[in-house]
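Here is a short report on one protein model. Take a look at the structure, then read on.

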Amino acid sequence: MNSRMTAVALAVCVAAAVSAGAQTRLGGNIRATNPPTGPTPRQPDGKPDMTGVWLGGLSVGDISQNLPKGETMPIRPEWKQKMDAHQASDDPQAHCLPLPQPRAVPYPWRMVVTPTHVFFLHEMYDYRQAFMDGRRHPPADELNPNWNGHSVGRWEGDTLVIDSVGYNDKTWFDNKGWPHSDQMHLIERYTRTDAGTMKIEMTVDDPVAYTKPFTLTGQAKLMPKDDELIEYVCNENNQDVPYLNGAKP
């Protein structure tokens with residue numbers, strides 16, 4: 001990665017948050033303090049209740065920190081060269097573009113599970129859905145590559161599994177700029193381990209950009225009951241982009 005990016009990459013998440021609401025949260029209100037304790041709450045059908053506003057997931061700055069100890073990102077050399085050529089201003093986040101999983105952001109998100117869909121509502125200008133009605137992915141030649149891919153979900157015991165394909169290759173995994181191709185296959189696993197904790201595992205299988213699949217592990221904490229998602233307008237008064245590569249104000 002370009003050396004200038006190191007100093008400013010982490011600032012992208014903060015500096016790009018320009019709506020009044022986002023600034024208020026960054027002022028100290030975005031904290032999953034004192035999450036509830038106790039057993040995992042359950043729905044009437046016995047499945048874990050995923051309801052609530054959550055904060056956390058994988059690393060915002062460098063998802064390689066979420067690999068098992070001793071592992072490194074198995075990126076192919078030619079894709080590492082692409083990554084090293086990135087400028088901070090190339091970050092999709094700097095241009096208010098979608099930030100699909102496995103990328104994390106330092107803002108809350110809500111999960112809504114119904115018999116037919118799972119909805120992920122992200123405070124940071126995005127949402128996505130997964131189909132829970134038993135359908136399969138469309139054939140590869142019928143997929144229309146997009147930012148969030150095509151997602152289907154299922155329960156495996158107490159774990160909610162989301163399987164996604166059909167991504168474009170325009171996003172980064174984090175502020176550091178780990179890339180992926182349009183052949184990425186992502187499997188997410190969400191397990192509510194107790195009243196206030198969600199274990200998150202994401203397995204990336206991208207044979208074009210990486211030499212083997214790899215799994216990232218993180219966790220989210222439940223926000224207070226009275227906390228809600230608030231308005232976030234990324235490109236309102238966004239003055240950051242000209243300065244991301246070292247230009248002076």
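## A buried aspartate

This model is predicted. Start with Asp-91, which sits in the loop between helix H3 (77-84) and strand S2 (109-113). Asp-91 has a relative accessible area of 1%. Buried means under 20%, so Asp-91 counts as buried.

What does the side chain of Asp-91 contact? One partner is the side chain of Arg-103, joined to that of Asp-91 by a polar contact of 2.9 Å.

## The disulfide

A disulfide is a covalent bond between the sulfur atoms of two cysteines. The structure holds one. Cys-96 and Cys-234 form it, with their sulfur atoms 2.1 Å apart. The pair links distant parts of the chain, 138 residues apart. Cys-96 is in the loop between H3 and S2, while Cys-234 is in the segment after strand S9 (214-222).

The link is left-handed, with -80° about the S-S bond. Both Cys-96 and Cys-234 are buried.

## The whole protein

The protein has three helices and nine strands. Along the sequence, their pattern reads α-α-β-α-β-β-β-β-β-β-β-β.

Of its 249 residues, 48% count as buried. Among contacts in the protein with a separation of 6 or more, 63% come from residues 24 or more positions apart. The accessible surface is about 12,100 Å², and carbon and sulfur atoms account for 51% of that surface.

Key
Residues numbered from 1 in each chain as written. Predicted model: local features only at pLDDT ≥ 70, side-chain atom pairs only at ≥ 80, totals over all residues. Heavy atoms only, no water. Helix = DSSP H or I, 4+ residues; strand = E, 2+ residues; numbered from the N terminus. Buried < 20%, exposed > 50% of the residue type's maximum accessible area, 1.4 Å probe, protein only. Polar contact = N/O pair within 3.5 Å; in protein donor to acceptor, adjacent residues only side chain to side chain. Disulfide = S-S within 2.5 Å. Contact = heavy atoms within 4.5 Å. Areas by Shrake-Rupley, 256 points an atom, 1.4 Å probe, with all protein chains shown as cover.
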